[in-house]
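Keep the viewer open as you read.

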Amino acid sequence: MYEDSWYSFVPDVASKTQPLQSQSLPHGRTESRLQQPNGIARAQDSLAPLSQALGHGSSSESPPEPQVPRRAASFPCLHRVASTQLTRDGASCAPGHIERGRTRLFEALMLQHQGSMARLVGADEVARDELANETLLLASQQQYLHQQDQLALTERHLDGLIEEANAALALLTSLSTSFQSVQSQTSSFQSQCQDIISEQHRLEKLVDQVGTDLHYYAYLDIATRRLNAPGASRLVESADLGDLIENIDACIHFMDSHDSYRERDSYLARYNALLAKALHLLDHGFTAHLNKVSLELSRQMDTLKSSSARHALAYGRFEEIMSGSFYLLPNIQKTVRCAYDEYGRPAEASPRRDVYANSALAMFRTYLQTRDRDLKAMTQHEMDEFQKECKTLSIETACRNYIKQSFEKIDDEDVLFFKIFSVEPTWNNSPDSVLQAIRTVHTSMVHRGHLIPLANCIQSSLNNAKIEAICSVVGWLASEYTVPELDEEESPTSRRFREYAARLLVDHLWTFTDNAFATEITKSITKAPLTDGSLKMEPAVGGVASSNAHPLVNKAIDLLAMFDRAMPKERSAKNSPVVFSIVRETIHVLQRAESRINSLHNGTDGDLFMVKNLLIIKNELVSLEIGDIRSQAPSMQHFGHIWDRLSPQNWMSFFSGLVSAGGSLWARSGSSVTAKTLTAEDMSEQLDELLRQSIYAFTKRWGSLMNDSRSHKAGSKPIAKLETELEAILDAAFNGQPEVVSKLKEAIELNAQAQSNAQDEKRGAKRY
């Protein structure tokens with residue numbers, strides 16, 4: 001707990017007594033410090049030792065040498081000297097020799113005053129007993145006394161610490177009081193300092209704002225000097241021009257945002273003029289560099305005859321030379337990006353976007369026109385090769401090869417365009433996009449925004465071709481570059497090729513194909529001659545429903561199948577003007593044929609003729625999924641759909657209303673449906689109406705004949721002969737289709753029953 005030095009103050013009683021026990025007195029009597037009675041001052045004048053007087057030495061058996069103890073100065077000293085002498089005598093000899101030595105000593109001395117010595121010896125024994133008692137007591141209490149001394153020392157030390165702590169607390173209290181006093185005295189000073197610091201911050205902010213605003217004013221002189229300095233055109237080859245345009249744009253934006261600033265309009269006009277001048281320098285530098293590269297490559301291309309060498313020079317070498325123009329292309333790309341994003345879409349709305357867009361469009365136009373001039377010889381050579389292939393090979397093969405070659409050339413131009421301007425002119429309907437901007441640049445070569453040369457070349461070669469060749473080329477183009485499957489990864493080249501094909505089809509070839517079909521429909525259906533020999537319904541061959549159809553109906557079916565193969569389902573399956581035209585003209589021809597049949601009386605049932613041919617047309621539309629109708633059965637499947645509308649539950653009410661009220665069975669639409677009333681929107685529905693009209697007319701007429709024959713009406717045929725004739729007619733029209741024959745027979749019987757019931761009700765009404 002405490003240091004060892006603290007315990008050094010504790011007296012060690014045992015150590016004090018030890019030197020006394022071990023101390024040995026000299027044989028001779030020491031010199032007394034008091035004046036002797038006889039006046040002798042030195043101990044050397046005393047008598048000689050008793051052993052020398054007796055003439056023999058000391059031995060262990062002889063008594064010790066007599067010694068004269070030191071003379072006591074006082075009574076207490078006398079007591080101490082005696083005790084010391086006795087202790088020394090006890091320690092120097094054995095217990096058995098002590099008594100004999102003491103006896104011999106007294107005998108040798110032959111003291112005369114034996115009584116005094118006896119008293120002295122008694123007193124010596126008492127003193128020795130008391131000393132022994134004190135020594136024992138001191139020895140037994142030694143440990144407790146030592147601990148008492150330690151506790152006393154610790155107590156004194158702790159008292160000192162308490163006093164020091166109290167002094168420190170008093171000092172701290174005085175310091176706290178002083179600090180509080182100083183704080184109360186300096187609070188006003190602190191508030192004043194805080195106000196000064198706030199004011200300093202406000203002034204610094206104002207200084208920064210003033211410095212910033214001043215920068216936008218001071219930069220005008222810097223930009224003016226740089227753009228008007230001699231050799232300013234060389235800025236297009238350094239990065240300074242891009243930074244200069246960016247800083248001028250920032251200054252214009254600042255002036256636009258601060259209408260109330262001094263001379264704002266003047267500075268804004270001057271900055272706009274500097275921006276226009278910088279963009280003009282960039283455009284001029286790009287044009288000069290492009291003409292230089294074009295002139296160098298044109299000289300080399302004129303000496304080459306290999307197509308691959310020309311292609312490598314026109315694309316690979318051209319890109320290499322254009323990219324070696326230091327900072328010209330980065331400056332152009334930075335300017336173009338101010339108007340368009342990476343995919344050619346308009347950038348965010350900005351008051352100066354039109355300025356950058358006009359500058360970019362000027363560079364686009366210059367670039368495309370220069371490329372067209374350089375590649376004109378290659379373009380003409382490719383067109384000549386295409387014309388030769390059209391004569392030597394099939395026109396379909398020649399068109400496919402030329403389209404593939406043109407797509408590859410367009411893709412190479414797109415890659416080169418992106419590396420120069422850092423934008424890709426993807427398809428976008430916005431009039432401010434890059435694609436719409438370059439569509440106004442008409443060149444003899446094809447590029448992404450100008451596919452007209454390719455389309456014109458293909459159309460000119462297909463003008464005199466058959467409709468089958470046109471459908472083959474258009475169908476191949478639509479299926480070759482379609483959207484990839486979900487598990488296929490589309491490459492950028494495939495994506496661009498798909499876009500080229502889509503634009504070529506939508507903008508050019510589909511319209512061309514529609515016009516070709518319109519011409520074919522007019523030639524092969526509308527203006528086709530209607531001979532009397534084609535109006536006879538021959539028996540079906542091999543159970544094929546269309547084998548005994550009218551030739552013009554078969555031609556219409558062929559046209560529908562070709563159009564479906566050439567077009568995607570999204571275009572041919574719903575509201576297609578070509579499909580509508582084919583169906584409308586076919587129905588018109590069938591109605592003319594029906595009228596001709598009724599006038600000739602050649603043994604062909606006109607209503608059954610219409611039912612047969614209309615069913616063939618309707619089922620062809622359903623099988624091709626045209627008219628938003630899904631297929632239901634493999635052969636004559638649409639007849640079941642029509643027959644559901646003519647269910648037996650509705651026959652009696654239909655015919656009863658027809659006979660009793662004399663109304664028209666077609667009162668649902670209000671008027672009879674003809675080819676002229678067909679529209680593209682309800683083509684399928686009105687075609688069903690025409691088919692129902694024919695079925696009702698056929699079943700009504702034959703039901704009336706059945707009733708007349710059964711009632712033995714004058715001039716009627718026998719029922720057996722009539723049924724045989726009906727069977728022959730139906731077998732000839734629908735050979736191999738017993739379900740159609742049975743349905744028509746059932747309809748005739750129901751019609752006949754409805755007419756008979758209606759007549760009975762009419763006779764009963766007249767009776768009453």
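## Helix 13 and helix 15

Let's begin with helix 13 (residues 395-421) and helix 15 (residues 452-462), whose axes come within 11 Å and cross at roughly 175°. Angles over 145 degrees count as roughly antiparallel, and helix 13 and helix 15 are therefore roughly antiparallel to each other. Please bear in mind that this is a predicted model.

On the helix 13 side, the residues to look for are I395, C399, Y402, I403, S406 and F407, and they meet L454, C457, I458, S461 and L462 of helix 15. Sorted by class, this contact has 9 nonpolar and 2 polar residues, with no charged ones.

## Helix 18 and helix 20

Which residues of helix 18 and helix 20 meet? Helix 18 brings L552, V553, A556, L559, L560 and F563, while helix 20 brings V578, V579, I582, T586, V589 and L590. The contact divides into 11 nonpolar residues, 1 polar residue and no charged ones.

## Helix 7 and helix 10

Now turn to helix 7 (residues 240-257) and helix 10 (residues 328-337), where the axes come within 8 Å and cross at roughly 20°. Since angles under 35 degrees count as roughly parallel, helix 7 is roughly parallel to helix 10.

In this contact, L241, G242, D243, I245 and E246 come from helix 7, and N331, K334 and T335 come from helix 10. By class, there are 2 nonpolar, 3 polar and 3 charged residues here.

Side chains of opposite charge can pair when their charged atoms come close. Across the whole structure, a search finds 33 salt bridges. One to zoom in on joins R352 and D249, with the closest N and O atoms 2.8 Å apart.

D249 belongs to helix 7, whereas R352 lies in the loop between helix 10 and helix 11 (353-374), so the pair ties together parts that are 103 residues apart in sequence.

## A nonpolar patch on the surface

Finally, have a look at the outside of the model. L169, L171, L172, L175 and F179 form a nonpolar patch on the surface, and together they have about 520 Å² of accessible area.

Definitions and conventions:
Residues numbered from 1 in each chain as written. Predicted model: local features only at pLDDT ≥ 70, side-chain atom pairs only at ≥ 80, totals over all residues. Heavy atoms only, no water. Patch = residues over 30% accessible without salt bridge, like charges linked within 9 Å, V, L, I, M, F, W, Y side chains within 5 Å. Areas by Shrake-Rupley, 256 points an atom, 1.4 Å probe, with all protein chains shown as cover. Salt bridge = Lys/Arg side-chain N within 4 Å of Asp/Glu carboxyl O. Axes fitted to C-alpha atoms, helices over the stretch in contact; angles between N-to-C directions. Helix = DSSP H or I, 4+ residues; strand = E, 2+ residues; numbered from the N terminus. Parallel < 35°, antiparallel > 145°, perpendicular 65-115°, else oblique. Contact = heavy atoms within 4.5 Å. Nonpolar A, V, L, I, M, F, W, Y, C, P; charged D, E, K, R; others polar.
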